[in-house]
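Please open the model in your viewer and keep the selection tool at hand. The tour below moves from one selection to the next and says what is there.

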Amino acid sequence: AEQNSSIRLNPSQPGHTINRDIFGQFAEHIGEGIYGGIWVGEDSKIPNVKGIRADVVKALRAIKVPVVRWPGGCYADQYHWREGVGPQSSRVDRINPWGNVIEPNHFGTDEFMEFVQQIGSEAYINLNLGSGTVQEAADWLEYMTTDLPTTLAKQRAANGHTAPYRVKYIGFGNEAWGCGGAMTADEYFARLKAYSVFALNHNPQQRFAGIDLLFDRDAHNPHAMQRIAAGPNDTDTAFTEALMKKWAAAPGYLPLFDAMSLHHYTMTRGPMSDASQDFDESDYATFAQLALNMDRVITLHTEIMDTYDPQKKVALVVDEWGNWLKPDIAENPKFLKQQNSLRDAITASLTLNVFARHADRVRMSNIAQMVNVIQSMILTDGEKMLLTPTYHIYHMYVPFQDATLIPISIDSGRYRMDDINLPQIDAIAARDANGKLWLALTNIDPVDSADITLQLEGMVVKSAKGEVLTAPRVDTVNRFDEPAAVVPKPVKFTAKNSRLLLSLPPKSVTVVELKG
Ligand code: AHR
């Protein structure tokens, strides 16, 4: 069947900028997320540059990863950076509780910075606030960022990097209410204060404004590092309220954080319970509904943030999200390696659309996780690599990085399954820096196609050109022996009698440029 819908937009009335960091990634030391997935070492048979997989770098460059969060996650609060710098032979072996395996520390700060540079991205370093010390964090930042010839900077130079690194974001711990230290919001804030005051970025291009006033440095550096407080999980608004109250009470010359994180995973009966493949339509519909529910979760937190920070100085960063499913393709379940289907691609598009609509407050997101872990972009198996359906969404959405959102109104049919009742179509529109107009449209309905009539004010659209992602079934996945089961295909629509109809197949995501 086919349902008729319409979308209205007025390109002369733009909304917020969709910060490119909304399309950010997260890479934690879990299973094959780093080892095997990114780092293979210089002696590996797998083609690499300075130990980093060349195929993975090439794939990530193509999706223009704006920022990578590292080294965790829960792992960040047990990570001691000194154990991962210097000659490989002197790195420290540790237990990594994710799977109870040896963490060899072969991939440390210099390897991460090399990786970020190879993929053309920015660094988001998550500091250890749980089991580390303030001094250790301050030293880490000095090691990474000072241009003065201190002992730590000389150590960095001896390890191969004379120039200071760029650190765009730091995070003060992770999930303070849980694996980061089982703290109350007030206990956490008391610890955060010391990190906030003493963990400084010394790179002259990146100094952070607030603390620089105290030291009489450049107070208005547009490239200043952003400091992220570890915020709530899901709908824990009490945690948000406690942190924002403290933020608002701090003296204006010393803002203690610039952003607050939110973690919100999609799952039904807890992590690792939902199948990543061979599921039915009812499971599909449930995940589509949960993906759209990100809007409610963000709204709950932003309403509180608006009370304490009406000028929206503090960003909300969703630095962990995604479909957290059964780790059904990993030998060790704690490696969190799961398959990725068309359903994951569709829910990623729905969630990114929610972030774009909240772009005035949501200024970064980091999907969990980049390679081989949870809802990943890439799966590897030894020397083999494949791109997941979710990867293709990130590729199709590249034009939306730093584009200006154009609010739209959608008049669409409904998709009903069991007691789930959703709009059939979800969409966003934006204008990119080159003035091009883009539309991303998701047809959630797995059975019905949709014909969309576009109503644009002040512009005659003659054609729309781009890509469509769909597959025979909602649970179709890419496998190493069939890596192109879910890949985007070119699509073009041409206006007839000055009317442009966009035909969307069932269970699909379409991204097109509108041409006048
Ligand atoms: O992404 C996996 C884990 O999920 C992270 O380490 C933690 O922050 C969250 O609970």
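Which strands make up the open sheet of four strands, and in what order? The order is β17-β1-β22-β25, and the pairing is mixed; strands here are DSSP runs of E with at least two residues, helices are DSSP runs of H or I with at least four residues, and both are numbered from the N terminus. Before selecting them, note that this is a predicted model, in which local features need pLDDT of at least 70 and side-chain atom pairs count only at pLDDT 80 or more, while totals for chains, interfaces and linings use all residues. Residues are numbered from 1 along each chain as its sequence is written, and side-chain values use heavy atoms, with hydrogens and water left out.

**The open sheet**

Select β17 (408-411) and β25 (501-504), the edge strands, each of which pairs on one side only; two strands pair if DSSP finds at least two bridges between them. Next select β1 (residues 2-9) and β22 (residues 449-456), which run parallel and are joined by eight bridges. Within this pair, S5 has I452 of β22 as its bridge partner.

Select β9 and β10 (residues 226-229), a parallel pair joined by four bridges, and find Y169 standing opposite Q226 in β10.

**A residue in strand β12**

Select N323, which is found in strand β12 (residues 315-323). Is N323 buried or exposed? Its relative accessibility is 2%, so N323 counts as buried, where buried means under 20% relative accessible area, exposed over 50%, and partly exposed in between (1.4 Å probe, protein chains only). Leaving aside residues up to four places away in sequence, N323 touches T266, F287, Q338, D344, T347, I374 and Q375, a contact being heavy atoms within 4.5 Å. With T347 there is also a polar contact between the two side chains, at 2.8 Å; such a contact is a pair of N or O atoms within 3.5 Å, and within protein one must be able to donate a hydrogen and the other to accept it, with residues adjacent in sequence counting only if both atoms are side-chain atoms.

**The disulfide**

The structure holds one disulfide, a pair of cysteine sulfur atoms within 2.5 Å. Select C74 and C179, whose sulfur atoms are 2.2 Å apart. C74 lies in the loop between β5 (67-70) and β6 (94-96), and C179 in the loop between β9 (169-172) and α5 (185-198), so the pair ties together parts that are 105 residues apart in sequence. C74 is buried, at 18% relative accessible area, whereas C179 is partly exposed, at 37%.

**Around the ligand**

Finally, keep C74 selected and show the ligand, which has 13 residues around it, E28, C74, E175, Y265 and E320 coming nearest; a residue is near a molecule or strand if one of its heavy atoms lies within 4 Å of it. A polar backbone atom of C74 is 2.9 Å from an oxygen atom of the ligand. For Y265, an N or O atom in the side chain is 2.7 Å from a ligand oxygen atom, and for Q369 a polar side-chain atom lies 3.0 Å from an oxygen atom of the ligand.
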